[in-house]
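Hi everyone, thanks for making time. Have a look at it first, and then I'll talk.

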Amino acid sequence: MEKILAHRFGLVLLTAVAPAAWGTTYIVTEQLLPPDRPLFGALVRALPIGLVMLAWRRRLPRGDWWWKAAVMGLCNIGAFFPLIFLAAYHLPGGLAATIQATAPLAVMALAWPLIGERPARVRVGAALMGLVGVTLLVLRNPDGVTALGLAGALGSVLVSALGFVLMKRWTPPVDMLTLVSWQLVVGGLALLPLALVLEGAPPAIDLEAALGYTWIAVVGTGLAYVCWFTGLRAMPAGAVSLIGLVNPVVGTALGVVVAAEAFGWVQALGMALVLGGVLLGQRTTRRRRTSPPRHAPRPRAAQRPRVASRPREALRPLEAPRPAAEPVAAKMGG
């Protein structure tokens, strides 16, 4: 893991595991999970895997991290999961995935005032390129679009963007597995009463549904969030959010292969623009260094004023005058 984190390309690939896994949520929900149970699906996705991870790490929050973990858990899990499931149930799989591509602009807009991360021009351009690709991908299948589904998709973008920026603002005192387990448990506990009150008893779960819930809980949640938050801690929020554009690419590909959704040259162009935005957003911005002209004369050091030379005789120390010789008679006492 340390070798991967030491290389930016490896870190980008590790982070991309998360949106690739999230892109499978839509097709899994449509094909395998019970219909019209978004809260139950969100609950099963978060709470079981969160409790397993928490039992493994055996660490609870301390001090102000109780409320910080609660806020991030509600943003990233408790509110995000029901909204994303709502979008998955009321929008075509590809369309629901592509709306998530608006997340980079939302993250950049929040990162500037909250953590002082000013968006670089190249990343803003990459996000706009991704949005153009999103528009082209959406055009492939306008049927089945509802206002409720669009509200769920856009709401999930906003709350997750806030949670991601807070993840950058607050430095966790624990490892990433522990931090993810806190958020999953908080979000799952918040979803539990809502699911029971609004949806009633759990639905019947057959083998296909069990496999679907296992996939989105273990791969699409536990593994995905550890990879995503690891990249978010190591790279700028804007760069990481652009990696999230892999989500609609995976969602579109699975929608075409599994659900036979329409796909033409317009959608191919949109997918190319989305991937181009991902790559463009990973360029590192360097500050320009102002250097003097190559052939410009170097400024001479200030010279000290010279002291006027003196004759050598003048520099010699003055000798004290010798006493006059006493008369010989004086020496002899008479």
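I'll start with the whole protein and then stop at a few places in it. One thing to keep in mind is that this is a predicted model.

So, what's it built from? The protein has 17 helices and 0 strands. Of its 334 residues, 47% are buried. Now take the contacts between residues at least 6 apart in sequence: 90% of those join residues at least 24 apart.

Okay, first stop: Phe-229. You'll find Phe-229 in helix H12, which covers residues 207-234. Is Phe-229 buried or exposed? Its relative accessibility is 1%, and the cut-off for buried is under 20%, so Phe-229 counts as buried. And what does Phe-229 touch, once we skip residues up to four places away in sequence? The answer is Asn-76, Phe-164, Met-167, Met-176, Val-180 and Gln-183. Take Val-180 from that list: Val-180 and Phe-229 are 49 residues apart in sequence, yet 8.3 Å apart in space, C-alpha to C-alpha.

Thr-29 is another one to click on. Thr-29 sits in helix H3, residues 25-31, and with a relative accessible area of 1%, Thr-29 is buried too. Beyond its neighbours within four places in sequence, Thr-29 is in contact with Phe-85, Ala-88 and Tyr-89.

Leu-189, Leu-192, Leu-194, Leu-196, Val-197 and Leu-198 make a nonpolar surface patch of about 590 Å². Pick out Leu-194, which lies in helix H11, residues 176-199. Leu-194 has 42% relative accessibility, so we call it partly exposed.

Last stop is helix H15, residues 265-280. Which residues of H15 are buried? Those are Gln-267, Gly-270, Met-271, Val-274, Gly-277 and Val-278. They cover an arc of only 120 degrees around the axis, so they're on the same side of H15.

Note on methods
Residues numbered from 1 in each chain as written. Predicted model: local features only at pLDDT ≥ 70, side-chain atom pairs only at ≥ 80, totals over all residues. Heavy atoms only, no water. Helix = DSSP H or I, 4+ residues; strand = E, 2+ residues; numbered from the N terminus. Buried < 20%, exposed > 50% of the residue type's maximum accessible area, 1.4 Å probe, protein only. Contact = heavy atoms within 4.5 Å. Patch = residues over 30% accessible without salt bridge, like charges linked within 9 Å, V, L, I, M, F, W, Y side chains within 5 Å. Areas by Shrake-Rupley, 256 points an atom, 1.4 Å probe, with all protein chains shown as cover. Salt bridge = Lys/Arg side-chain N within 4 Å of Asp/Glu carboxyl O. Expected span 1.5 Å × (residues − 1). Arc of directions from axis to C-beta.
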